[in-house]
Amino acid sequence: MKVKLIVSLLLLTTYFTAFSQKKQNMAVVEKGLIKISIMYPYAEGKTFNMEYYETKHMPMVAGFLGSNLIKYTIEKGVASGIPNQPLPYIAIGTFYVKSLSDYQAAIGPNRDAIRADFANYTNISPVILVSEVVK
């Protein structure tokens with residue numbers, strides 16, 4: 001009986017520890033942050049080099065953002081939300097920053113370098129959405 005109680009307590013402790021760590025990690029993206037989504041629409045004949053984007057382009061842009069950057073993500077499109085429909089986006093890059101004005105101040109002087117690098121990984125004109133994280 002004691003063994004079952006000890007094992008049960010250990011399992012519960014492990015569960016709650018893991019859950020609290022997961023919740024803490026999720027708190028990194030918090031309300032009020034600015035999210036910049038760079039979306040690359042799918043179309044026949046368009047190309048996208050994910051390896052270059054992941055290893056060169058996004059780290060370059062992240063470097064321009066400095067301490068304003070909280071984190072960035074890279075997503076590779078795999079399917080549409082509706083069966084048998086074309087993929088809406090080949091890729092989406094996302095930056096989470098503390099301040100929109102600091103983001104704009106960092107990107108402005110580097111805009112030409114960022115745009116010139118497009119040719120190294122895609123022939124798609126991205127759609128950019130700037131939003132505020134609500135939850």
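When I say contact today, I mean heavy atoms within 4.5 Å of each other. This is a predicted model, so please hear every number as computed from that model.

First, the overall layout. The protein chain has four helices and four strands. Starting at the N terminus, the elements come in the order α-β-α-β-β-α-α-β. There are 135 residues in the protein chain, and 27% of them count as buried. If you take the contacts with a separation of 6 or more, 79% are between residues 24 or more positions apart. The protein chain exposes about 9,400 Å², and 59% of that comes from carbon and sulfur atoms.

Now the sheet. It is an open sheet of four strands, ordered β2-β3-β1-β4, and the pairing is antiparallel. The edges are β2, residues 69-76, and β4, residues 127-132; each has a single partner strand, so one side of each has no neighbour in the sheet. From one strand to the next, the twist averages 15°.

Let me go through two of the pairings. Strand β1, residues 34-41, and strand β3, residues 89-97, are antiparallel partners over eight bridges. To find your place on the model, S37 has T94 in β3 as its bridge partner, and P41 stands opposite Y89 in β3. On to β2 and β3: these also run antiparallel, and seven bridges join them.

How enclosed is β3? Eight of its nine residues are buried, so β3 is largely enclosed by the rest of the structure.

T94 sits in β3 and is buried, with a relative accessible area of 1%. What does T94 touch, leaving aside its neighbours within four places in sequence? The list is K35, I36, S37, M58, K71, Y72, T73 and E75. T94 and I38 are 56 residues apart in sequence, yet C-alpha to C-alpha they are 6.2 Å apart in space.

Its bridge partner S37 lies in β1. S37 is buried too, at a relative accessible area of 7%. Apart from neighbours within four places in sequence, S37 is in contact with G93, T94, V127, I128 and L129.

Next, the helices. Helix α2, residues 50-65, lies across β1, β2 and β3, and it runs at about 160° to β2.

H57 is in that helix. Is H57 buried or exposed? Its relative accessibility is 3%, and the cut-off for buried is under 20%, so H57 counts as buried. The side chains of H57 and D117 are joined by a polar contact of 2.8 Å. Beyond neighbours within four places in sequence, H57 is in contact with Y52, I114, D117, F118 and Y121.

Then helix α3, residues 100-107, where Y103, A106 and I107 are buried. They cover an arc of only 90° around the axis, which puts them on the same side of α3. The general point is that an α-helix has 3.6 residues a turn, so residues three or four places apart point the same way.

One last item, on the backbone. N84 is in the loop between β2 and β3. N84 is not a glycine, but it has a positive phi of about 65°. For reference, most residues other than glycine have a negative phi. N84 is exposed, with a relative accessible area of 80%.

To recap, then. The sheet is open, with four strands in the order β2-β3-β1-β4. Strand β3 has eight of its nine residues buried, and T94 in that strand has a relative accessible area of 1%. Helix α2 lies across β1, β2 and β3, and its residue H57 has a side-chain polar contact with D117. N84, in the loop between β2 and β3, has the positive phi. Again, the model is predicted.

Conventions
Residues are numbered from 1 along each chain as its sequence is written. This is a predicted model: local features need pLDDT of at least 70, side-chain atom pairs count only at pLDDT 80 or more; totals for chains, interfaces and linings use all residues. Side-chain values use heavy atoms; hydrogens and water are left out. Two strands pair if DSSP finds at least two bridges between them. Helices (H or I, at least four residues) and strands (E, at least two) are DSSP runs, numbered from the N terminus. Axes are lines fitted to C-alpha atoms, for helices over the stretch in contact, and angles run from 0 to 180 degrees between N-to-C directions. Buried means under 20% relative accessible area, exposed over 50%, partly exposed in between (1.4 Å probe, protein chains only). The arc is that of the directions from the helix axis to the C-beta atoms. A polar contact is a pair of N or O atoms within 3.5 Å; within protein, one must be able to donate a hydrogen and the other to accept it, and residues adjacent in sequence count only if both atoms are side-chain atoms. Accessible areas come from the Shrake-Rupley method with a 1.4 Å probe; for residues, only the protein chains shown count as cover.
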